[in-house]
Amino acid sequence: FPVENIRNFSIIAHVDHGKSTLADRLLEITGMWHVTECNKQVLDKLQVERERGITVKAQTASLFYNHQGQTYLLNLIDTPGHVDFSYEVSRSISACQGVLLIVDANQGIQAQTVANFYLAFEAQLTIIPVLNKIDLKNADPERVESQIEKVFDIPKEDCIRISAKMGTNVDQVLEEIVKRIPPPAARTEDPFKALVFDSTFDHYRGVVTNIALFGGQVSKGDRIMSAHMGKVYEVNEVGVLRPEEHPTDRLYAGQVGFMIAGMKEVKEAQIGDTLFHQKHPVEALPGFKPAKPMVFAGMYPMDQSEYNSLRSAVERLTLNDSSVTVQRDSSHALGAGWRLGFLGLLHMEVFNQRLEQEYNASVIVTAPTVPYKAILSSAKLIKAGPVPSTEEPVHLTPKHFHLIFLILYQEHGGKEITIVNPAQFPDRSVVSEYLEPMVMGTIITPDDFIGKIMTLCLGHRGVQKNVVYIDNQRVMMKYLFPLNEVIVDFYDHLKSLSSGYARQDTVYAGYQPAELVKMDILLNGKSVEELTMVVHKDRAYAAGKALCERLKDCIPRQLFEIAVQAAVGSKVIARETIKAYRKNVLAKCYGGDITRKMKLLKKQAEGKKKMRRIGNVEVPKDAFISVLKRK
Ligand code: GTP
C-alpha cells in the first residue's frame, strides 16, 4: 500500500463525549462493520469498560476509505480515556500524525479535553476539532467553537459539527482526515523500525503486540530485537486489525498492525519500546519510560484459604497489565497478601473489579497510599539497637523497619529512598527531608461554584496557579495538589458541591518537600500496623480523630476498657474509649437445658476464632475491613 495513502489517527475526548460512538460510525461507514445492538462499540472490549463506559485498553482498527478515485488506508488507534492511563495515551498518540479532538457541543470543553489536547499538541500532531452531539436540543456549537478558539487557539472555521449518533457529517470527518492529516514519514526501503503502542496477553499465543511501522517491513520468521528490553525474538505472526486480527504475509512502513513473537509476558513488550531487525539495529524512538505506579495498596484474600487461588488470579491479571507492580506483604490481622502499585485510583478500581468479575475473588484492599520519598540524613551518628535475630518470627514489625532504616542510613547517608508502605516510613531522626508527589489539577466549572471549589481546594492543601474564563460562564482553574490529598474523595466532593458540573483532570507534577509524619493507631498501647498512615503534620489531628472514631464503632466491648489512640511518635493526638462490658450469651436461656448452654458457649468460642488479638484486645477481622474501606 503506498505510504502517501496511509493516515494514522486517534480520537481523543473527555469521557462520554462520544469517542466510541464515532469510532463505531467510522467502521460502519467504511464497511468494516455493520453496527447492531450486540456488536455496538466493538472497540471497547472488556466487561469492565462496558460497565464503566470508559476505555481502559487501547483497541485499534484499519479502515479502507475511497475518496476521489483513490483508496486510503486509515488506521484508527483507539486511546484509553482516562488520565490514569495518560502514558498509554501519549504512546498511542505518538503512533499517529493527527487526532480528532471531540468536544460535546452541549457540555463544551472539559478538563480532560484540555489534558488530551496538550498531549497531542506536544507531539506536534495535526488536531481536527470535532463538535459532537449537535442533534441535542441544548447543543450550542457557537459557544463551544469560541471556547476552542480561546483555549486552544484553533480558528472556529476548523471545527467540524457532527452527530455521531445520527451519522450527520461523519463522512466529512473521513474527508478531513485525508485532507488535513499528513501521511506517515516512513519508507519501506529503510531498515525495519516499529513502535510498540499496546500489548495484550493471550493464553494460547502469548503476548500480542500492536505496532506502528516507522520504517522497513517485517514478516514471519524475521529475527527481531527490542531496544529497551534488549531481547531477541522470532516473529510467528503479523497482520492487520479490523478491529479483529487478520493475519497477513507482511507489514510495511506506515502500517499499523499486530505481531506475535514468542514473548511470554507483557512486561517484555513495554509500551513505547522500539523493535528492529536483529541484524540492523536502529536508534530507539524517543519518549520511552517504564510506567510508574503512583498509588499503592495492600491486598489480602478475604479468607486465608483463598490465598492460592487469589495469587493465581493476580498473576494472570498482571500478565495482561505490565503497569501493576506486585510485592508480597503480610499483616498480623489480615494474613498473607500483597502490596500492589497502580497508575492511579481508577486503575486500582478497575483491577479490583476485574479480579472480582473475571476471577470471582473476594479481597480486602487497604487504604491507598502514594509513594513518598525521604532523603536520609548523613550528619549525625545514630546508635542502632539490636538487629532482629533470625529466630524471631518472619513478620516484621514497624520497630524492625526502623532498625533496618538505621542500618540503611549508616550505609547510605544522604540517599533518597521511596516508601510505598506507611508502616515502613522512616523516623524523622534519620531523615533530612521528606518529599511527596504532586499533581497539577485542571478544574472546569460554571462560575457560580468558584467560591465553594476554592474552599475545597484549600482544604486539600491545593495551591492556586491560574484562573481564566473560557466563556462568559465557565471558568478554568489550575491548582497544584499533593497527590495524597486528591486520590480518595476529592473528586466526589467536587462533583457533589457543584451538582456534578465541575470536572477535574490531573497530571503528575513531580515531588515537593513536605512536613510529613507517620501516625500510628494504638489499641491499649499496641500499634495496629495495618492502620498506620502517613499524613501532613497539620492534618494529623483531624485524620487521627476520624480514624479513632470509626475504629471505636467497629470493635465490640470487652471485659475491660480499651483505649483507641492515634499517636505521632510518642505523642498521643486523639483518643476514644471503648467501655468494658461482658456479653452474657446465656442470658436468653432460662431453665436448665445443659446441651443448649454448651452449644451457645461453643458458638461464642468459634466467634472468637474470627477475632485477632492485638495486645490484650480482641479485634474482629471485619473491623479492619470496615475501617479500611473507603466510603
Ligand atoms: P469513553 O469510552 O468513556 O471515552 O466514552 P466515549 O467518549 O466513547 O462516549 P460514548 O461514545 O460511549 O458516548 C457516550 C454517550 O453519548 C452514549 O450514551 C452515546 O449514545 C451518546 N452519544 C454519542 N454521540 C452522540 C450524538 O451525536 N448525539 C447524541 N444525542 N448522543 C450521542
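This is a predicted model: local features need pLDDT of at least 70, side-chain atom pairs count only at pLDDT 80 or more; totals for chains, interfaces and linings use all residues.

Me: How many aromatic pairs turn up in the whole structure?
Reply: The search of the whole structure gives ten aromatic pairs. One of them is formed by Y307 and W338, whose rings are stacked, with 5.0 Å from centre to centre and 10 degrees between the planes. That pair links distant parts of the chain, since Y307 belongs to helix α7 (residues 307–320) and W338 to strand β19 (residues 335–342), 31 residues apart.

Me: And what sort of pair do Y372 and F425 make?
Reply: Y372 and F425 form an edge-to-face pair, with the ring centres 6.0 Å apart and 75 degrees between the planes. Y372 lies in strand β21 (residues 372–376), while F425 is in the loop between β22 (416–419) and β23 (431–446), so the pair ties together parts of the chain that are 53 residues apart in sequence. Both of these residues, Y372 and F425, are buried.

Me: Which residues form an aromatic cluster?
Reply: F117, Y118, F121 and F152 form one aromatic cluster. There is also a charge placed over a ring, in that K373 lies over the face of Y511 at 4.2 Å from the ring centre.

Me: Switching to charges, what is the salt-bridge count?
Reply: The count comes to 26 salt bridges. As background, side chains of opposite charge can pair when their charged atoms come close.

Me: Where in the chain do E145 and R161 sit?
Reply: E145 is in helix α5 (residues 141–152) and R161 is in strand β6, 16 residues apart, and the pair links distant parts of the chain. Their side chains meet in a salt bridge at 2.9 Å, N to O. E145 counts as buried because its relative accessibility is 7%, whereas R161, at 29%, counts as partly exposed.

Me: What does the E245 and R205 pair tie together?
Reply: That salt bridge has its closest N and O atoms 2.8 Å apart. E245 lies in strand β13 (residues 245–248) and R205 in the loop between β7 (193–202) and β8 (206–215), so the pair ties together parts that are 40 residues apart in sequence. E245 is partly exposed, with a relative accessible area of 31%, and R205 is partly exposed too, at 32%.

Me: How many residues apart are R354 and E358 in helix α8?
Reply: They are four residues apart in helix α8 (residues 345–359), which means that about one helical turn separates R354 from E358. The closest N and O atoms of their salt bridge are 3.0 Å apart. R354 is buried, with a relative accessible area of 13%, but E358 is partly exposed at 34%. Elsewhere, salt bridges that share partners join E175, E176, K179 and R180 into one network.

Me: Now the sheets. What is the strand order in the open sheet of six strands?
Reply: The order is β2-β3-β1-β4-β5-β6, and the pairing is mixed. The edges are taken by β2 (60–67) and β6 (160–161), each of which has a single partner strand, so one side of each is left without a neighbour in the sheet. Helix α1 (residues 19–29) packs on the sheet, where it touches β1 (6–13), β2, β3 (70–78) and β4, and its direction makes about 150 degrees with that of β1.

Me: In what sense do β4 and β5 pair?
Reply: Strand β4 (residues 98–104) and strand β5 (residues 126–132) pair in the parallel sense, over seven bridges. Within that pairing, D104 stands opposite N132 in β5.

Key. Residues are numbered from 1 along each chain as its sequence is written. Side-chain values use heavy atoms; hydrogens and water are left out. Two strands pair if DSSP finds at least two bridges between them. Helices (H or I, at least four residues) and strands (E, at least two) are DSSP runs, numbered from the N terminus. Contact means heavy atoms within 4.5 Å. Axes are lines fitted to C-alpha atoms, for helices over the stretch in contact, and angles run from 0 to 180 degrees between N-to-C directions. A salt bridge is a side-chain nitrogen of Lys or Arg within 4 Å of a carboxyl oxygen of Asp or Glu. Buried means under 20% relative accessible area, exposed over 50%, partly exposed in between (1.4 Å probe, protein chains only). Rings of Phe, Tyr and Trp (its six-membered ring) pair if their centres lie within 6.5 Å; planes under 30 degrees apart count as stacked, over 60 as edge-to-face and the rest as tilted. A charge sits over a ring if NZ of Lys or CZ of Arg is within 6 Å of the ring centre and within 35 degrees of the ring normal.
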